[in-house]
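Please read the following notes with the structure open beside you, and check each point against it as you go.

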Amino acid sequence: MKKLGFGCMRLPLINPEDPTSVDIEQFSKMIDTFIENGFTYFDTAYPYHQKQSELFVKKALVERYPRDSYTLADKLPVPFMKVKEDAQKIFYEQLEKCGVEYFDYYLLHSLNRNHYQTALKFDCFEFIKKMKEEGKIKEIGFSFHDTADILDQILTEHPEMDFVQLQINYLDWNSDSVQSKLCYETAVKHGKKVVIMEPVKGGSLVRVPEDVKTKLFNLDNSLSVASWAIRFAASLKNVRVVLSGMSNLEQLYDNISYMKEFKPLTQEENKFLIQLGDQIRTSIAIPCTACNYCTPGCPKNICIPEYFNLYNKRKQTLSKGKSNEYDNLKNEHGKPLDCIECGQCERVCPQKLPIICNLKKVAEEFE
Ligand code: SF4
Ligand code: SF4
């Protein structure tokens, strides 16, 4: 299998403000190009695009290609489960939404120390094993956002898992909270195949500071900034596929240009990127990946990742004063100061960000 997977959480949009306005024509063209170039892996999930991603995958992929010409991964939304019966209900709903009779890969979504307990409480491991036995899933696994000791515990207690999906990128490689390196080594220790998510950390490794961009162009000016991040992830042994959440044809063409005939990084390049990652990490004020897990449940409709993105841009450019972009966000969504500190967002944030405190910083900066 080629090592680039199509992540369906940031699909092309007609209206950038509306995550359900997926540009089906462009998405279909992206799929055609992806498949024509020999790539086969697609990854979706229940909450992506406000629960519409699976429907768009059905329309653009499943209804247009034979079932054996691609592989499809989907996920059980453990963090949103209320009762044990949700597992079966949601799983069958997902099969129908995607228009398939089986999933090639099925994951327990976003496990961490708390959601692992939810998965145990609702017998989620038993459920996906049963679906595998019945032929409705080919391989089972889980996506993971926590420290390596928790990953070690889950893999020790559940050796039946076929693979794990980890957040790995050169920015988080040595990070104390994400622990990309330690998590990767833990998966290898347990003999698991690894699927990599967030290789460009929600765009943070595309929108790098100017001095970092110059350093990367000096290495090879024919390669894009993003290419270094994707190739860093794909160069790791034991990696089955690296997911890229491509949002337009341009990003797709770029990814294909270096992943079609993939050439791993040299040891020197690898070392250089890790050092660069350590440098960039200190320059990002709020390390949000714009996954949007926090927004649907916010009672005040606060567009948390957009505010964090504005704040990060401001800190990187050292600009000051009034911001029209900020005013526009405030007009269309809740304001940072509307936050009632209910904590819903912090409970689901895979990056474990202190969102409430960060929103206060945003307000202080822009108000
Ligand atoms: S803590 Fe604030 S930002 Fe988070 S969900 Fe509650 S109201 Fe929204
Ligand atoms: S704050 Fe956390 S949950 Fe919300 S978009 Fe950023 S990383 Fe995702």
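1. Helices here are DSSP runs of H or I with at least four residues, strands are runs of E with at least two, and both are numbered from the N terminus. The model is a predicted one, in which local features need pLDDT of at least 70 and side-chain atom pairs count only at pLDDT 80 or more, while totals for chains, interfaces and linings use all residues. Residues are numbered from 1 along each chain as its sequence is written, chains are lettered from A and ligands numbered from 1 in the order in which they are written, and side-chain values use heavy atoms, with hydrogens and water left out.

2. Phenylalanine 34 lies in helix α1, and its relative accessible area of 0% makes it buried (buried means under 20%, exposed over 50% and partly exposed in between, with a 1.4 Å probe and protein chains only). Leaving aside neighbours within four places in sequence, its contacts (heavy atoms within 4.5 Å) include Leu4, Phe6, Tyr41, Met246 and Ile256. Between phenylalanine 34 and isoleucine 256 there are 222 residues in sequence, yet their C-alpha atoms are 7.7 Å apart in space.

3. Helix α3 (residues 53-62) is largely enclosed by the rest of the structure, because seven of its 10 residues are buried. These are Ser53, Glu54, Phe56, Val57, Ala60, Leu61 and Val62, and they pack against α1 (24-36), β2 (41-43), α2, β3 (71-76) and α4 (86-98).

4. How do the axes of helix α9 (residues 210-219) and helix α12 (residues 267-281) cross? They come within 11 Å and cross at roughly 170°, where axes are lines fitted to C-alpha atoms, for helices over the stretch in contact, and angles run from 0 to 180 degrees between N-to-C directions. The two helices are therefore roughly antiparallel (over 145 degrees; under 35 counts as roughly parallel, 65 to 115 as roughly perpendicular and the rest as oblique). Among the residues that make the contact are Val212 and Leu216 of α9 and Phe272 and Leu276 of α12. By class, this contact has seven nonpolar, one polar and two charged residues, where Ala, Val, Leu, Ile, Met, Phe, Trp, Tyr, Cys and Pro count as nonpolar, Asp, Glu, Lys and Arg as charged, and the others, Gly among them, as polar.

5. Helix α10 (residues 225-234) also packs with α12, at an angle of about 115° and with the axes 11 Å apart, so α10 and α12 are roughly perpendicular to each other. In this contact Trp228, Arg231 and Phe232 of α10 meet Glu269, Asn270, Leu273 and Ile274 of α12, a set that divides into four nonpolar, one polar and two charged residues.

6. Most residues other than glycine have a negative phi.

7. Ligand 2 is surrounded by 13 residues, the closest being Cys288, Cys291, Asn292, Cys294 and Cys349. This shell divides into 10 nonpolar, three polar and no charged residues.

How values were computed
Near = heavy atom within 4 Å.
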